[in-house]
Amino acid sequence: MGVRVVLIRLVTFLGGLYFFLKFVLPEASGFSQYHEQISDGFVLVGAMALALGLINLLMVHGSRLLYLRRGWSASTALLFGLFLMLTVTFLDWQATSGIYRNTERLLVLKQFSEGIVSDAAEGIVPKYEAAHVSENAAALGALAIAPRTPEVRVQFLRHALDDLLPTIEHERDEAVARVRAHGGTAELALLDRAEKEYVEALQVLQSARVQIPSELPVVGGVVGGVVEGVGQESAPVVFSGEPVLALGRALGKVASAYQGLQEASYRTSLLRRIYSVLFDGFFISLGAAMFSLLGFYICAAAYRAFRVRSMESLLMMMAALLVMLGQIPFGLWISDSLPEVRLWLLQVPSTGAARAIEIGASVAGLVMAFRMWLSIESESFK
Amino acid sequence: MGVDHATLGILLLMVALIGPVIWYIRYARTGAPLYVRRIAGIDAIDEATGRAAEIGRPMSFSTGLLSITPALYACLGVLFHVARKAARYGSRLLIPQNDPQVVAVVEDTLRDAYRVEGKAAFFDSKNVVFLSEEQFAFAAGYMGLIQRENVGAAFLFGAFAAESLMLAEAGQQVGAMQVAASLSPEQVPYFICTCDYTLIGEELYGAAAYLTKEPVQLGSLYGQDRAKLVFFCLIILGVVIATYNSFAAIYGWSSIINVVEVLRLEAW
């Protein structure tokens, strides 16, 4: 047995052992804590396979096209379609990720507001977080080095919101103008709905925002519960979480409405229209056309199946007839018990047979999986 | 807190499943004769390959939407046999594919089959055709291929969904002899209506053992049959206990713990 074979068998065994233990051992054993990283490894291998596949496609069809071998026209269509869809899908992904960037920032602030309240309730005081919340941490001044009491964190939230809102408002104006100028009926309807939601949500946000003080409460030289000096403790300040939670809820609504506005705007772009023609116009329609063929094929297959040439086909036809009659009003007119007969046929003999097939196939599949894991291979694969 | 499958019962069940398989594989390797009953659909594989060679038309073998799973290896056993026959008779064997990863594995199996027959020079990798990963695009490609090449025998072994009838109808239209095998009970009726022979469920796993008579495959088949017997006994026991418990609830008898609950008992 060569080193290569041993290595392959070893890797197969270790991989199989990992998944087997992950399946069998309880979650509390801690065995699964690295599962995400290991799964990332599989994604990596998949990405390599994808790259290899692309290289292969280019080599096979590129050479056929270059030397005008048999089937070069089909290869041209394939390569053209591949590059077109790759380009359009990449640009579409880039554009949509831009749309969601500000929405995500709003949602981060929402989570932050919820985090402030839950941490305050549990008495948790985190050490560092200004940089995650506000892009302009320098503007926080003294706050940047203050201990993260709930009041200080609320100020971070307020600063971050003040940073973000003008950008959101500006982009919203641009999106509205774009849809009004280039949008069709569907986009305008979407815009109207999203704009209405946005205006309502923004009003709620503004009223929630004014409930939060713009500066830390000062009690006898104490800022937000921190004395401006060393070694002195402040009197405890009672933190009220409800205004912060209200702000968080409003942020969620604004994020949703803002996303709707951006999507309406993106729909008017040339890129989205090209993508829509390629995907909805060609890809989905061609798939639907193929699927519709099934209707005709089912008729042809049913005709062949229901020609009574043997006892089995007679039984099959009778069962099919009872099921069909049990499903239509005409069957009910013939007999009240036909729907029950239909149900019995489907739920008892049919389900029983299907389960028997599935159990047999599953056991056989499991045995095959064990054989692969333990590298007990047949001569066919050596 | 554990999860349902992380129990001692399930672990023991797995041992009961794999134990007979390993034992029978070792037993088969000693050269002991193991009988496998005849299945008409499997016999038809040889008949179809011979018929396609006689009328001078190519053959096709598709694994449908199957990705790299244990079922693929069962299909590869049959493919290996069909490919050997194709190499021996000088027939062209087309293998339309849906999964790029399977393409590589199938190509390797095909190459091995030609090499075993001493016809390595006749192996042509272009016969393994990657069509599409998209279900209906694959079906369209397959139908086109079957019609253009006018295949004489078509083998549909693997995983199929809504496209099963399209694939089988394409072969039917060109008058190909068709043998199908599906693990999915929902697709079996379509194949029965359209194909000449259909293997149902686990017969797919038994096909390679029956065709090749290799000890590993035969032993595995025997072992899994015994494992199924264990499952069968557990099902019967479960039904008896459940029936008793329903009477026990009516007449006030004490109930018995059922099989599923025993398997779920946590022992860690």
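## Basis of the description

Two strands are said to pair if DSSP finds at least two bridges between them. Helices (H or I, at least four residues) and strands (E, at least two) are DSSP runs, numbered from the N terminus.

This is a predicted model, in which local features need pLDDT of at least 70, side-chain atom pairs count only at pLDDT 80 or more, and totals for chains, interfaces and linings use all residues. Residues are numbered from 1 along each chain as its sequence is written, while chains are lettered from A and ligands numbered from 1 in the order in which they are written.

## The sheet of chain B

Six strands of chain B form an open sheet with parallel pairing, in the order β3-β2-β1-β4-β5-β6. Strands β3 (128-130) and β6 (197-200) of chain B stand at the edges with a single partner strand each, so one side of each has no neighbour in the sheet. On average, neighbouring strands are turned by 15 degrees against each other, direction ignored.

## Strand β4 and its partners

In β4(B), residues 153-159, seven of seven residues are buried (20 or more other C-beta atoms within 10 Å of their own, with C-beta atoms placed from the backbone). Five bridges pair β4(B) with β1(B), residues 59-64, in the parallel sense; here F155(B) stands opposite F61(B).

β4(B) also runs parallel to β5(B), residues 177-182, over six bridges. A153(B) stands opposite M177(B), and L156(B) has A180(B) as its bridge partner.

Key. A residue is buried if 20 or more other C-beta atoms lie within 10 Å of its own, exposed if 12 or fewer, and partly exposed in between; C-beta atoms are placed from the backbone. Axes are lines fitted to C-alpha atoms, for helices over the stretch in contact, and angles run from 0 to 180 degrees between N-to-C directions.
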